[in-house]
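I set down here what I looked up in this structure, entry by entry. The coordinates are shown first.

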Amino acid sequence: MYLIMNTEPLTEDELDFVDAILLAYGQEGSIVDASELDGFLTAIVSGPDMIMPSQWFPALWGGAGKEPEWHDEREMNVFMTLLMQHMNNNVMMLMECPDEFEALFSYRKTDKGTVHIVEEWCFGYMRGVELGNWPALPEAEHEHLQAIALHGSSEYFGVLDTMTLEEHQQTIVEIEPAARALHRYFLEQRSSPSMGEMRGASSMMPPHLSGQSSKRAGPKVGRNEPCPCGSGKKFKQCCLH
């Protein structure tokens, strides 16, 4: 008998809670916000090998021995529940409908429009890559990883500084397709894992998922766009789940 885990996307209030916990217990070397956490978890569930929570959870805080001294057990349980729910949602999106996977980027409003901020997410992703000890990649996949590393590695700060805002924002377009492609590449490299093994790789994989990608009928709708059913809610909070 399998336990079906919650794969629904976190609400804005739940993401705010996650942000508040990361801020309250953050220290040097820890994940700074929900965007960086999303990038980190995306790499964790996309890599070549299973990484157990006992390994990646301490890394979230900067290493073993740096885990929070929780205010109480309830606070810890709520955070862990939301953490695993978010991770499960990433797995579900990448496995079942990868074309609809969206990274949790930050953004700000300017007089030139909305500016997407991806550095935290990309730094989180590269932290997951490092923790997973990813092997050398074929040229195509290496280029995908470089699209993320451009914004997630301090060695490219000089390159980013030479870009105009328009050029910077254009490079961002490549990040989500790169994350989808890297997940697909490693998924194909695995030697026909059983569903039980796949559940282990994601820590809590729901049993109804298969290794086959599936596309939804009809035009693509972003998770943060209004739901086409007319409910007034965001797609991710309505018909997407």
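I began with helix 3, residues 53–60, and found Trp56, Phe57, Pro58, Ala59 and Leu60 buried. Buried means under 20% relative accessible area, exposed over 50% and partly exposed in between, with a 1.4 Å probe and protein chains only. Helices (H or I, at least four residues) and strands (E, at least two) are DSSP runs, numbered from the N terminus.

I noted that this is a predicted model, in which local features need pLDDT of at least 70 and side-chain atom pairs count only at pLDDT 80 or more, while totals for chains, interfaces and linings use all residues. Residues are numbered from 1 along each chain as its sequence is written, and side-chain values use heavy atoms, with hydrogens and water left out.

I then looked up what the buried residues of helix 3 pack against: helix 1 (12–25), helix 2 (34–46), helix 4 (73–96) and helix 5 (119–132). After helix 3 comes Gly62, with a positive phi near 105°.

Next I turned to Thr42, which lies in helix 2. Is Thr42 buried or exposed? Thr42 counts as buried because its relative accessibility is 0%. Setting aside neighbours within four places in sequence, I recorded contacts (heavy atoms within 4.5 Å) of Thr42 with Asn90, Leu94, Phe101, Trp121 and Tyr125.

I moved on to Tyr107 in strand 1, residues 106–110. Tyr107 has a relative accessible area of 53% and is therefore exposed. Not counting residues up to four places away in sequence, Tyr107 touches Thr114, Val115, His116 and Ile117. From Tyr107 to Val118 I noted eleven residues in sequence and 8.2 Å in space, C-alpha to C-alpha.

Strand 1 and strand 2 (residues 113–117) run antiparallel and are joined by five bridges; two strands pair if DSSP finds at least two bridges between them. I found that Lys109 has Thr114 in strand 2 as its bridge partner. The two strands are connected by a hairpin through two residues.

Lastly I examined helix 5 against helix 9 (residues 175–189): their axes come within 12 Å and cross at roughly 20°. Axes are lines fitted to C-alpha atoms, for helices over the stretch in contact, and angles run from 0 to 180 degrees between N-to-C directions. Helix 5 and helix 9 are therefore roughly parallel, a term for angles under 35 degrees. In the contact, Trp121, Cys122 and Tyr125 of helix 5 meet Ile175, Ala179 and Leu182 of helix 9.

Methods:
Parallel < 35°, antiparallel > 145°, perpendicular 65-115°, else oblique.
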